[in-house]
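Subject: Handover of a model

Hi,

Here is the structure I promised to pass on.

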Amino acid sequence: MPHHRTALRLAAPVAALALTACGGGADDADARNPEGPGMSASPSPSVVPGGDVARGESATGKVDEDPGEVTYEVVAQKVDVSTEAQAARAVADAADAKGRVLAVAHVKYTHRGGPALTHGSEVREGTAVFADGRRGGVLVGAFEDVPGCEDPYDVDSWKKGESHVFCETYVIPADATGVEVHWSQEDGEPYVWKFPRT
């Protein structure tokens, strides 16, 4: 799984932009690989199929957690897209945000089976935001309040039946016509929720 443990709260004064696949170069291979960096584009025989998921519908998958495997129900609820001016204020160097906007995906995760968690969760590690088929750049920054989202680092105890909504913030091209939220379990094909821009 890609490990990015990032979030942004829109009032963050300065954040670093990791343009992992928005630019060119070697990272273009990751942009074509929906599972993200370091994941094989060829699924293994034990892969659980992913695919397109209708807006409002959930996907189910397993994540290897400490102390054991947990089954999660995952649904991408919405994606909030900023203006270019908001993106420029959120990054350390405004030039990095030229022609780009922030896409904040609100994703709800529900613990459906397995042991209770007492040390946080890895479920977010399988989440990424794409725009027009290309993976966005991760925005790494300080936490501030995003309405409707929880700070994942504040969630230590997580029992069966409990849900949490976490946000993932990426930088995408301002002229993108569609935004996708991808989530995959380890060695799994991604589930994809599509959010057209109007």
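I start with a histidine. The side chain of His 182 makes a polar contact with the side chain of Glu 180, at 2.8 Å. (A polar contact is a pair of N or O atoms within 3.5 Å; within protein, one must be able to donate a hydrogen and the other to accept it, and residues adjacent in sequence count only if both atoms are side-chain atoms.) His 182 sits in strand β10, residues 178-183. Helices (H or I, at least four residues) and strands (E, at least two) are DSSP runs, numbered from the N terminus. His 182 is buried, with a relative accessible area of 6%. Buried means under 20% relative accessible area, exposed over 50%, and partly exposed in between (1.4 Å probe, protein chains only).

Some ground rules. This is a predicted model: local features need pLDDT of at least 70, side-chain atom pairs count only at pLDDT 80 or more, and totals for chains, interfaces and linings use all residues. Residues are numbered from 1 along each chain as its sequence is written, and side-chain values use heavy atoms, with hydrogens and water left out.

Confidence

The mean pLDDT (the predictor's confidence in each residue, from 0 to 100) of the protein chain is 80. In that chain, 73% of the residues reach 70 or more. Among its elements, β10 has the highest mean pLDDT, 98. Helix α1 (residues 28-32) has the lowest, 37. Where pLDDT is low, the predicted coordinates should not be read in detail.

Aromatic pairs

How many aromatic pairs does a search of the whole structure find? The search gives four. The rule: rings of Phe, Tyr and Trp (its six-membered ring) pair if their centres lie within 6.5 Å; planes under 30 degrees apart count as stacked, over 60 as edge-to-face and the rest as tilted.

Tyr 109 and Phe 166 have ring centres 5.8 Å apart and planes at 35 degrees, so this pair is tilted. The pair links distant parts of the chain, 57 residues apart. Tyr 109 is in strand β5 (residues 100-113) and Phe 166 in strand β9 (residues 163-173). Tyr 109 is buried at 0% relative accessibility. Phe 166 is buried too, at 3%.

Trp 183 and Tyr 191 form a stacked pair, with 6.4 Å between centres and 20 degrees between planes. Trp 183 is buried at 0%. Tyr 191 is buried at 12%. Ring pairs also link Tyr 72, Tyr 109, Trp 158 and Phe 166 into a cluster.

Cores

A nonpolar core is a set of buried Ala, Val, Leu, Ile, Met, Phe, Trp, Tyr and Cys residues joined through side-chain atoms within 4.5 Å. The largest one has 33 residues. Tyr 72, Tyr 109, Trp 158, Ile 172, Trp 183 and Trp 193 touch the most other members. Elements giving two or more residues are β3 (59-64), β4 (69-81), β5, β6, β9, β10 and β11. Strand β4 gives the most, with six.

Disulfide

The structure holds one disulfide (cysteine sulfur atoms within 2.5 Å). Cys 149 is joined to Cys 167, S to S 1.7 Å. The two cysteines are 18 residues apart: Cys 149 is in the loop between β8 (137-141) and β9, and Cys 167 is in strand β9. Cys 149 is buried at 16% relative accessible area. Cys 167 is buried at 5%.

Loops

Which residues other than glycine have a positive phi? Asp 132 has one of about 50 degrees, and Asp 187 has one near 60 degrees. Asp 132 is in the loop between β6 (127-131) and β7 (134-135), and is partly exposed at 44%. Asp 187 is in the loop between β10 and β11 (191-196), and is partly exposed at 45%.

Asp 175 lies in the loop between β9 and β10. Asp 175 is exposed, at 62%. Its C-alpha atom is separated by 7.8 Å from that of Gly 99, 76 residues apart along the chain.

Best wishes
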